[in-house]
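Subject: Structure handover and notes

Dear colleague,

I am handing over the structure that follows, together with my notes on it. Please read the notes with the coordinates open beside them.

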Amino acid sequence: MMAAPVVSQMRTGTRFVPVLWLHLSLAAVAAAMAAEQQVPLVLWSSDRDLWAPMADRHEGHITSDMQLSTYLDPALELGPRNILLFLQDKLSIEDFTAYGGVFGNKQDSAFSNLENALDMAPSSLVLPAVDWYAVSTLTTYLQEKLGASPLHVDLATLKELKLNASLPALLLIHLPYTASSGLMAPREVLTGNDEVIGQVLSTLKSEDVPYTAALTAVRPSRVARDVPVVAGGLGRQLLQTQVASHVIHPPVSYNDTAPRILFWAQNFSVAYKDEWKDLTSLTFGVENLNLTGSFWNDSFAMLSLTYEPLFGATVTFRFILASRFYPVSARYWFTMERLEIHRNGSVAHFNVSQVTGPSIYSFHCEYVSSLSKKGSLLVTNEPSLWQMTLHDFQIQAFNVTGEQFSYASDCAGFFSPGIWMGLLTTLFMLFIFTYGLHMILSLKTMDRFDDHKGPTITLTQIV
């Protein structure tokens, strides 16, 4: 948005020149923020001629919500009534550049199934940069157009559905992007998501169901560190030092007939009588980890980790979670009711009720700790000899599919320190703008002037 220039004829010494600078600064900040809020959108359909070639598409073009509706309306009105929306947590056009097959190297592509679907689809459309607001309202827009509520499905649920070509259906399939959690390399995650897309499309093809599919993301991602893209050119790339990457540990998985509970942390440390022990290497990637006492059903789960010897005795950590149905939200939510530490018959209890989320999601938090400087999510009602810190903590005990976490419900609040700083700065600048505008509007001009034909006017005071 361009600010209109403020033009006024003022005498030397006026103090309203910064107003124009303020307008330009606000416009530049707004443009920079908008430039970062873009995600790609890929559309393809089993019907022909749904999208005409776009003549106005050029490098740097950002598709707005109004333009997106003009692309979607023909597909929704003339195309199949079964709509698949693959919604990824994070995705950017740079991911396709970094991990896609280039120079014909299809075997190196992390999007082989997506590329095959686009090649075989009679109609397809790729929008490299779509405004974040347009994507955030996409589900609601599709729901209104189809007159059908979105149905969250996975591969197992899809096989049980009986889709009808004449009845509208909006199927929402979440694809995680967990590069920030450090569990898997971005290429592996994107390859896994691509396999899910391929399996879903194969299921629909076997049932001969016409469809229109869309792949997009909730927010943009960043190009990962393992991609050798250097802004300084080839010479700098040859001379640069390889940055050491963090060791990636597989999550702890409790299985009975299938994986039931997943638990992971970048660092797992405990203290007894102020003596700290790092249990990370003793917990993750260990084949003979003692999970005796662990239990799972549809409404209750307990992950039990036993270490011996630890602090001179056998110590057991029990993560106890429960899933309940809440009529207000019409869905199941899980809560970690408590964390227990057992040692020589004594039990230390920590309240962890803030670890909660929808049962179809996992839970992620940067720190789950009993230390006040780490957020104090572990709360005890009485003085305890135990302290615990879990860095980059993630857990899921319900609706686990395979060895991979579902979309994570994060503990970070909406109003982060950065947002508060931005709001306060904006309010301060708005105050300066309002004060300057008030001063401009308060200027008064003379309404009486000398007439050379009449007597001279003597002004004693100008208000």
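The notes below go from the whole chain to the sheet, then to single residues, aromatic rings and backbone geometry.

This is a predicted model, in which local features need pLDDT of at least 70 and side-chain atom pairs count only at pLDDT 80 or more, while totals for chains, interfaces and linings use all residues. Residues are numbered from 1 along each chain as its sequence is written, and side-chain values use heavy atoms, with hydrogens and water left out.

**Overall**

The secondary structure comes to eleven helices and 19 strands, where helices (H or I, at least four residues) and strands (E, at least two) are DSSP runs numbered from the N terminus. Of the 463 residues in the protein, 39% are buried; here buried means under 20% relative accessible area, exposed means over 50%, and partly exposed lies in between, with a 1.4 Å probe and protein chains only. The accessible surface comes to about 27700 Å², and 57% of it belongs to carbon and sulfur atoms; these areas come from the Shrake-Rupley method with a 1.4 Å probe, and for residues only the protein chains shown count as cover. Among contacts (heavy atoms within 4.5 Å) between residues at least 6 apart in sequence, 67% join residues at least 24 apart.

**The six-stranded sheet**

Six strands form an open sheet of mixed pairing, in the order β3-β1-β6-β2-β5-β4, two strands being paired if DSSP finds at least two bridges between them. The edges are taken by β3 (123-131) and β4 (150-152), each of which has a single partner strand, so one side of each is left without a neighbour in the sheet. From one strand to the next the twist averages 20°; axes are lines fitted to C-alpha atoms, for helices over the stretch in contact, and angles run from 0 to 180 degrees between N-to-C directions. Within this sheet, β1 (residues 38-45) and β6 (residues 212-219) pair in the antiparallel sense over four bridges, and the bridge partner of L43 in β6 is A214. Helix α2 (residues 65-78) packs on the sheet, where it touches β1, β2 (82-90) and β3, and its direction makes about 155° with that of β3.

H174 is found in strand β5 (residues 169-175) and is partly exposed, at a relative accessible area of 27%. The C-alpha atoms of H174 and Q88 are separated by 5.8 Å, although the two residues are 86 residues apart along the chain. Once its neighbours within four places in sequence are set aside, H174 is in contact with L87, H152 and Y361.

**Aromatic rings**

The structure holds 17 aromatic pairs, counted when the centres of Phe, Tyr or Trp rings (for Trp, the six-membered ring) lie within 6.5 Å, with planes under 30 degrees apart called stacked, over 60 edge-to-face and the rest tilted. The rings of W264 and F284 have their centres 6.4 Å apart and their planes at 50°, so this pair is tilted. It links distant parts of the chain, since W264 is in strand β8 (residues 259-264) and F284 in the loop between α10 (280-283) and β11 (295-296), 20 residues apart. Both W264 and F284 are buried. F295 and F300 form another tilted pair, at 6.2 Å centre to centre and 45° between the planes; F295 is partly exposed at 39%, and F300 is partly exposed at 28%. Ring pairs also link a cluster that includes F263, W264, F284, F311 and W386.

A charge is taken to sit over a ring if NZ of Lys or CZ of Arg is within 6 Å of the ring centre and within 35 degrees of the ring normal. The charged end of R260 sits over the ring of W296, 4.2 Å from its centre, and R331 lies over the face of Y361, at 6.0 Å from the ring centre.

**Backbone geometry**

Most residues other than glycine have a negative phi, and most peptide bonds are trans. The peptide bond from E308 to P309 is cis, with omega near -10°, and P309 is placed in strand β12 (residues 300-310). K273, in the loop between β9 (267-272) and β10 (275-278), has a positive phi near 55° and counts as exposed at 55% relative accessibility. F311, in the loop between β12 and β13 (313-326), likewise has a positive phi near 55°, but counts as buried at 13% relative accessibility.
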